[in-house]
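Please keep the view open as you go through the points.

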Amino acid sequence: MKIIVKENDIEGGAAAFKIFEKGIKNGAKVLGLATGSTPVTLYQNWVKSDLNCDNLTSINLDEYVGLKPDNPQSYHYFMQKHLFDKKPFKKSYVPDGLEAAKDPQAAADHYNQIIKDNPIDIQLLGIGRNGHIAFNEPGSSFDTVTREVKLTDNTIKANSRFFDNIDEVPKSAICMGIANIMSAKKVVLMAFGKNKAHAIKEMIEGPVTEQVPASILQKHLDVVVIIDKAAASEL
Ligand code: GLP
């Protein structure tokens, strides 16, 4: 793993953008994208840039089950607002939360086929405080592909800050699996703030274990980790 420590999320976002920009100039066509507060500074750099996205395909990691794309808490909405409204891609895929509510297996199979048909060149990731990636919570098998996952109480609590109250947070998500993520040619993981420091330490220095889903990245051949000093403070 290559570890880049920056002063803060602003510098981290700029560094992450440079990696994507270089990758795209070198021929990357399919990008795995992520939501959450962490990638916001990356997307800010992206929309300010003159990068042409007309030939790019994006595949997002996850979506809440049951949320419509126009629900402001949905990850569809997040992506439109932070990136696609200003930088439209040739094609952008986000798992379908409504299809998943009706038929989770069909929605998951459909998404796995999309990933198979569009192998991911660069996968962006954040990390949860418990070491989750996307919504692959501790205990998820490293063999998983896209499926419906139940959210842990901790994740529901952490993500309730985006909702009016905790009861509105969906209890499950449709989410790319660890095997889908590991199949990407390159992975860029970003994390900022002291509350990510423990997860970052476990991911980089701890044993590779399903109890810390992000630790599997130790086995990927091309991973760049971009963190600020606070997230690096336990290394
Ligand atoms: C959610 C998302 C993850 C994200 C994580 C951290 O659970 N499914 O993809 O990495 O939260 O979010 P944040 O970047 O807001 O700290």
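Before we start, one term: two strands count as paired if DSSP finds at least two bridges between them. With that in hand, Val 187 has Val 223 in S10 as its bridge partner. Please note that this is a predicted model. The points below move from the whole sheet to single strands, and then to one residue.

**The sheet as a whole**

- The sheet is open and is formed by 7 strands, in the order S1-S10-S9-S6-S2-S3-S5, with parallel pairing.
- Strand S1 (2-6) and strand S5 (91-93) are at the edges; each has a single partner strand, so one side of each lacks a neighbour in the sheet.
- From one strand to the next, the twist averages 15°.
- As background, strands of a sheet pair through backbone hydrogen bonds, in either a parallel or an antiparallel way.

**Strands S9 and S10**

- Strand S9 (residues 186-191) and strand S10 (residues 223-228) run parallel and are joined by 5 bridges.
- The pair Val 187 and Val 223 is one place to look for this link.

**Strand S2 and its two neighbours**

- On one side of the pairing list, S2 and strand S3 (residues 57-60) are parallel and share 4 bridges; here Leu 33 stands opposite Asn 60 in S3.
- S2 also pairs with strand S6 (residues 122-125), again in the parallel sense, over 2 bridges; in this pairing Gly 32 stands opposite Gln 123 in S6.
- A right-handed β-α-β unit is made by S2, helix H2 (residues 40-48) and S3.
- In a regular strand, side chains alternate between the two faces of the sheet.
- In strand S2 (residues 30-33), Val 30 and Gly 32 point one way while Leu 31 and Leu 33 point the other way, and all are buried.

**A closer look at Val 5**

- Val 5 has its place in strand S1.
- Is Val 5 buried or partly exposed? Val 5 is partly exposed, because 16 other C-beta atoms lie within 10 Å, and a buried residue would need 20 or more.
- Leaving aside residues up to four places away in sequence, Val 5 touches Ile 227, Lys 229 and Ala 232.
- Val 5 and Pro 104 are 99 residues apart along the chain, and their C-alpha atoms are separated by 39 Å.

**The annotated domain**

- An unreviewed UniProt entry carries the annotation "domain: Glucosamine/galactosamine-6-phosphate isomerase" for residues 25-220.
- The span of residues 25-220 is 31% helix and 16% strand, and its end C-alpha atoms lie 23 Å apart.

Key. Residues numbered from 1 in each chain as written. Predicted model: local features only at pLDDT ≥ 70, side-chain atom pairs only at ≥ 80, totals over all residues. Axes fitted to C-alpha atoms, helices over the stretch in contact; angles between N-to-C directions. UniProt positions renumbered as here; feature names shortened; annotations may be inferred. Buried ≥ 20, exposed ≤ 12 C-beta atoms within 10 Å, placed from the backbone. Right-handed = clockwise from strand over helix to strand, strands pointing away. Contact = placed C-beta atoms within 7 Å.
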